Amino acid sequence: MQWLWAIIVGFVLGLLARAILPGKQHQPLWLTTLFGIAGAILGNAVSGWIGVEETKGIDWIRHLLQLAGAILIVGLGDMLYMSLWGNRRKQTT
């Protein structure tokens with residue numbers, strides 16, 4: 001069941017990150033979901049490092065750090081995706 005939640009949260013965080021980032025992102029939706037999952041993991045790690053991993057009530061700081069991690073990874077992942085597969089994709093269209 002945890003994997004299902006990780007996929008759902010990664011999907012939502014990835015879509016939010018794509019909406020926040022300026023311009024068009026070119027990676028497919030499944031890769032955006034993986035980047036969102038990685039961003040959530042990064043945000044959880046950072047929240048543990050700064051000592052706000054678990055708080056009473058809603059963990060707003062942890063959620064914001066997860067979103068920031070997703071934005072970072074989606075942005076970097078899109079640049080990497082375009083540098084590796086962007087030229088091939090442009091030639092076929």
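This is a predicted model: local features need pLDDT of at least 70, side-chain atom pairs count only at pLDDT 80 or more; totals for chains, interfaces and linings use all residues.

Entry 1. I started with L80, which sits in helix α3. Is L80 buried or exposed? I found a relative accessible area of 51% for L80, and since the cut-off for exposed is over 50%, L80 counts as exposed.

Entry 2. I then checked L80 against I20. The two are 60 residues apart in sequence, and their C-alpha atoms lie 18 Å apart in space.

Entry 3. Next I looked at how helix α1 (residues 2–20) packs with helix α2 (residues 29–50). I got an angle of about 100° and axes 7 Å apart. Angles of 65 to 115 degrees count as roughly perpendicular, so that is what I call α1 relative to α2.

Entry 4. Which residues meet there? From α1 I listed A6, I7, V9, G10, F11, L13, G14, L15 and R18; on the α2 side they meet L29, T32, T33, G36, I37 and A40. I sorted the residues of this contact into nine nonpolar, five polar and one charged.

Entry 5. I went on to the largest pocket, which holds about 200 Å³ of space. I wrote down its lining as W3, W5, A6, V9, G10, I37, A40, I41, N44, R62 and Q66. Helices α1, α2 and α3 (60–92) are the elements that each give two or more residues to that lining. Which helix gives the largest share? That was α1, with five residues. By type, I have the lining down as seven nonpolar, three polar and one charged.

Conventions: Residues are numbered from 1 along each chain as its sequence is written. Side-chain values use heavy atoms; hydrogens and water are left out. Axes are lines fitted to C-alpha atoms, for helices over the stretch in contact, and angles run from 0 to 180 degrees between N-to-C directions. Helices (H or I, at least four residues) and strands (E, at least two) are DSSP runs, numbered from the N terminus. Angles under 35 degrees count as roughly parallel, over 145 as roughly antiparallel, 65 to 115 as roughly perpendicular and the rest as oblique. Contact means heavy atoms within 4.5 Å. Ala, Val, Leu, Ile, Met, Phe, Trp, Tyr, Cys and Pro count as nonpolar, Asp, Glu, Lys and Arg as charged, and the others, Gly among them, as polar. On a 1 Å grid over the protein atoms alone, a cavity is a set of points where a 1.4 Å probe fits but cannot get out, and a pocket is an open set with protein on both sides within 12 Å along at least five of seven lines; lining residues have an atom within 4 Å of a point. Grid points are joined across faces, edges and corners, and a volume is the space filled by probe spheres set on the points. Buried means under 20% relative accessible area, exposed over 50%, partly exposed in between (1.4 Å probe, protein chains only).
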